[in-house]
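Hi! Have the model open and click along as you read.

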Amino acid sequence: MRSRKYKTDPAVLDEQIKTVLRESSDTRYQHKLEMVSLVLAGMTPSVLSTYSGDSQNAITGWVKTADEQGIEALRESLVGNSGRHAQLSADQIQEIRDLYLIDPSQWTGSKLSEYIENTYSVHLGQRYCQKMMKKFQDS
């Protein structure tokens, strides 16, 4: 079989396709459905990960979600976020940000983690809290 000679670099085309799949909630939903369908047909998440650019864990999670909650659960949330659902509300994050910015030098990742656990009964790891503090500083 003859190989196609591309006018555009295939890697560039592939990256453009992956970008479109990531940016639109409709195409993202369809992409997730296709990945689940391919797993159900016998392809492994590791092979799919290589070609799709999605992590094996994400693909495995989509299969689990579809199986346990139905395919509608694969749709993006109404606010367009993907990934894990937020454990803190926007108001709670704003309260934490305001408190942090009063005196950033008194906070460490572990102190912030402990404060959030005691105040909101939500466990966030030390590293996640460090990233949160960095975002507070940058904003």
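1. Start on the surface. Leu38, Met43, Val47 and Tyr51 make up a nonpolar patch there, and together they have about 370 Å² of accessible area. Patch members need over 30% relative accessible area and no salt bridge; nonpolar side chains (Val, Leu, Ile, Met, Phe, Trp, Tyr) are joined within 5 Å, like charges within 9 Å. A salt bridge is a side-chain nitrogen of Lys or Arg within 4 Å of a carboxyl oxygen of Asp or Glu. Areas come from the Shrake-Rupley method with a 1.4 Å probe, and for residues only the protein chains shown count as cover.

2. A word on the source: this is a predicted model, where local features need pLDDT of at least 70 and side-chain atom pairs count only at pLDDT 80 or more, while totals for chains, interfaces and linings use all residues. Residues are numbered from 1 along each chain as its sequence is written, and side-chain values use heavy atoms, leaving out hydrogens and water.

3. Now helix H3 (residues 45–52), where Val47 is found; helices here are DSSP runs (H or I, at least four residues), numbered from the N terminus. Val47 is partly exposed, at 34% relative accessible area (buried is under 20%, exposed over 50%, partly exposed in between). Which residues of H3 are buried? They are Leu48, Ser49 and Ser52. They cover an arc of only 105° around the axis, so they sit on the same side of H3 (the arc is taken from the directions from the helix axis to the C-beta atoms). Thr50 and Tyr51 are exposed on the face turned away from that buried side.

4. Ser55 is in the loop between H3 and helix H4 (56–69), and it counts as partly exposed at 39% relative accessibility.

5. Next, the inside. The largest nonpolar core has 13 residues, and Leu88, Ile96, Leu112, Ile116, Leu124 and Met132 touch the most other members. A core is a set of buried Ala, Val, Leu, Ile, Met, Phe, Trp, Tyr and Cys residues joined through side-chain atoms within 4.5 Å. Helices H5 (90–102), H6 (109–120) and H7 (126–138) each give two or more residues to this core, and H7 gives the most, with 4. A second, separate core of 9 residues includes Met35, Trp62, Ala66 and Leu74.

6. Finally, look at Ser121, in the loop between H6 and H7. Its phi is positive, near 55°, though Ser121 is not a glycine. Most residues other than glycine have a negative phi. At 65% relative accessibility, Ser121 counts as exposed.

Terms used. Buried < 20%, exposed > 50% of the residue type's maximum accessible area, 1.4 Å probe, protein only.
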